[in-house]
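Here are a few exercises to work through with the model open in your viewer. Try each one before you read its solution.

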Amino acid sequence: MYRVNKLYLKENVTSIYGLIYIALFGILFLLPFINNEGLINSIIVSKTFFFISGLLLVFGMLIAKFFFAEKLNVKLKTSRVDILLVLLFSFIIINKYFIQPQNGFSIRFIELMGLGFFYFFLRILPSKSYLWLSLAIMSSGILQAAYGALQLTGYFPSLNPNFNVTGSFFNPGPYAGFLAIVGNVALGTFLFKKDILIQIASDQKKQPNIKCKLINNLFQYIPIIGIITIVIILPATHSRAAWLAFLFGAVIMLSFKYGVVNRFYNWNRFKRIVIALTTFIILSTSFYGVYHFKRESADGRMLIWKITSHIIKNNPILGVGHDRFKAYYMNAQANYFNTNPESAETLVADNSYYAFNAIIQFVSENGLLGFSLAIAIVFFYLRIKTTRESTFLKPFSIGILFSVIVFGMFSYPMQILPVKAIWVFALVMLANIDKKTTSLNFFKSKDIVNNKSKWLLKISVLFIGSITIWTVNTKIDTTENGFKGWKTAMYAYNYGAYDDSIESFEKVHPILERDGNFLMNYGKVLSMSGQHIRAIEILELAKRYLNTTIIETALGNSYQALKQYEKAENAYQTAANMIPSRFYPHYLLAKLYDESGENYKAKIKAQELLQKEVKIPSPAIKEMLTEMEKMIEKYNIKKTSGL
C-alpha cells in the first residue's frame, strides 16, 4: 500500500511539474502584450526583458527538478540540425566579438542568446507538448486580432499615431507579420486536428469524459476562431508581405495535406504544363499588383537591397557582424548617392536600420560563411525522416518556417521577438520528430558510486545554476534600469530641460556606452545645450555603432559652433548625401557657407534649394525657402552696390 501511494504521489508531482513547465512556455508566447512604458522603446525592449526573465524561471525549475530527482540520469537527443545550429550560433558569437573590429550593445544579440536557450529548453520537451503550446500561440493571435479590431473601432488607441491599427506592436508591419504566422499555426492545427487528437489520445484515456470533450473542443474551435479573426483583421494592416507569408505557408500545408505534389507528377505532360503556366501567370500578376499597390514603398525596399549588395560585396566572407547593418548602411547609401546624385531613387531614400529582407541582411552581417551554414540547416531540415505517427508535424512545421521566411523577404521579422519565438518553436517541433538522432546520457547511475557523490553533484549543479541565474538577472536588471534612465533623459529633453536631461544621460552612460541610438540621443542633447566638445566626442563614438542624418547634422552643428567649418561641411554634406531629398542638410550647408564667408557657395546652395523638388510640403520647408530667397537677395544687393 505504501509503494502504491508513493508511486501515485510521484506520478502526480511529475504531472504537476510538467503542467507548470508547459504553462510557463505558454506565457512566453504572450510576448506581444508586454509593454513597460517606463522604458525607452518600450514596445520592443519590454518584450526582451520579460522573455529573458521567463527563461531564467524555466532554468530555475530545471535545476530544482535535477536537485530533487531520485535518479540523476539525464538523457538528451541530438540530431544533425542541432549540431549545425550550434555551429551557426557559435560562428555568430565568434564573428561578432573576436573577428569584427567593433561590437556594440545589441538588444537583438540578447534576444539571440535567449532564443538559443529557448530552443534547448523546448527541445527537451516531448512532441505532444508542442501541440499544447500551439494553443497558446493561437490564443495570443486571437487576442491580438481582437485588440486590432478594437483599435479600428476606436475603443483602444493605436500605439503609433500614424496608423489606425498596430495591435501591441510599434507599427502595422510587425503586427501583420505576427498575425500571418499565427494564422498558419491555426491553419495547420485545423488541417491536422485528427492527427493531433490521435497524438494526445494516450493522455486522455485515463481522463474523465468531460475533460476529453473539453480537449477535443479546444483543438476543434480555437484554430477556427484563429483563422477567421486573423483573416478578417489582416486586410486592415495593408501589409503585402503578411498576406504573401500567410498564403505561402497555407499552400505548403494544403499541398502536403491533400497530396497535391504527388497528383501533379501523376498527371500527363500537357496537363502539368498547363497547370504550371497558369500558376506562373497568377503569381506574376499577383506580384505585379502587390508591387503597384504601394509602389513607393516597394521602390524604397529595392533601393535598400541594392545598396546592401554593395556592403556584401565589400565584406563577402564574414559580413560586418551580427546587428551591425545599421552601422554600415547609411554610409553606404551616402556613397551611392554621392556618385549618383541625379538618381530618381533619391525620392525614396530614408534613414534605414534594417534591410527589409531578412536573408539579405543576414548575408550582409554574417557573410557567405554564415549563409552557407544557414542553407545547410534548411537542407537537412527538409530532409528529416519522421515516424509514421509524426509525419503530419513535418508539413505543419515547414509551413510555419517558410511563412516566416517569405515574410522576411519583404520585411524585418528578425527584429520582432514574438515572431522569432514562433520561428524557434517550429524549428524545435521539426527537429524533435527527426528519426536520425543520437542519445546522450549524462550522470548515469553507475557513474555515481555512492550517496555522498550524488549529493555533491546536486549541490554543485545547484550552486553553479544559482550563480548563473543571479549573474544574468543582475545584468538584465542593470540594463533595464539603463533604459529607464534613458527614457527619463528623453522626457526632460522633449520639454527643453537640457541640464536635467544631460544629468540623466550621464548616469546611465556607463551602462549603454556602446549603444548607437543612446549615444545619438545623448550627443544631440549635448549639442543643443551648447556643450559642443563633449557632443562631438559622443557623436563620433556613436558613428561606430550607428549612423544617421541626425548624427551627422548634430555633428555639423557642433563643429560649426566651434568654427571648425571644414569638418562641419563634411558632416552636413554626408547627411545631404544620405537622403538627398531632405531640405534640412542643404539648408544647413547654405547657412554654414554664409557664416564662414563663402558667399559664392552660399548663393549657389540657396539657388539649388529654391529649385529643389518638394517631396512633402511643410511649414518648415516654406520657412527655409523664404530664408534662402532673402539670402540670395542679400548677395544680389551686395553685388550691385559693389561690396
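Buried means under 20% relative accessible area, exposed means over 50%, and partly exposed is what lies in between. Keep in mind that this is a predicted model.

**Exercise 1.** Find asparagine 41 and work out which accessibility class it belongs to.

*Solution.* Start with the location: asparagine 41 sits in the loop between α1 (2–28) and α2 (42–68). Next, take its relative accessibility, which is 45%. That value lies between the 20% and 50% cut-offs, so asparagine 41 counts as partly exposed. Now check the backbone: phi of asparagine 41 is near 50 degrees, a positive value in a residue other than glycine. For context, most residues other than glycine have a negative phi.

**Exercise 2.** Describe the surroundings of asparagine 95, then say what its side chain reaches.

*Solution.* First place it: asparagine 95 belongs to helix α3 (residues 80–99). With a relative accessible area of 0%, asparagine 95 is buried. Then list its contacts, skipping residues up to four places away in sequence: Gln100, Leu318, Gly321, Glu365 and Asn366. Finally, look at leucine 318 in detail: its backbone oxygen is 2.9 Å from the side chain of asparagine 95.

**Exercise 3.** Which residues does leucine 539 contact beyond its sequence neighbours?

*Solution.* Go to helix α21 (residues 532–542), where leucine 539 is found. Leucine 539 is buried, at 0% relative accessibility. Leave aside neighbours within four places in sequence, and the contacts are Leu519, Met520, Gly523, Lys524, Ile551, Ala554 and Leu555.

**Exercise 4.** Which members of the largest nonpolar core touch the most other members?

*Solution.* The largest nonpolar core has 162 residues, and the ones that touch the most other members are Phe25, Phe51, Phe118, Tyr381, Ile422 and Phe483. Helix α17 (residues 417–431) gives the most to this core, with 12 residues. Zoom in on phenylalanine 25: not counting residues up to four places away, it touches Val58, Phe118, Phe121, Leu122, Leu125 and Leu133.

**Exercise 5.** Sum up the whole chain: how many helices and strands does it have, and what share of its residues is buried?

*Solution.* Count the elements first: 26 helices and two strands. Of the 643 residues, 47% count as buried. The accessible surface comes to about 32700 Å², with 63% belonging to carbon and sulfur atoms. Last, among contacts with a separation of 6 or more, 73% are between residues 24 or more positions apart.

Conventions: Residues are numbered from 1 along each chain as its sequence is written. This is a predicted model: local features need pLDDT of at least 70, side-chain atom pairs count only at pLDDT 80 or more; totals for chains, interfaces and linings use all residues. Side-chain values use heavy atoms; hydrogens and water are left out. Helices (H or I, at least four residues) and strands (E, at least two) are DSSP runs, numbered from the N terminus. Buried means under 20% relative accessible area, exposed over 50%, partly exposed in between (1.4 Å probe, protein chains only). A polar contact is a pair of N or O atoms within 3.5 Å; within protein, one must be able to donate a hydrogen and the other to accept it, and residues adjacent in sequence count only if both atoms are side-chain atoms. Contact means heavy atoms within 4.5 Å. A nonpolar core is a set of buried Ala, Val, Leu, Ile, Met, Phe, Trp, Tyr and Cys residues joined through side-chain atoms within 4.5 Å. Accessible areas come from the Shrake-Rupley method with a 1.4 Å probe; for residues, only the protein chains shown count as cover.
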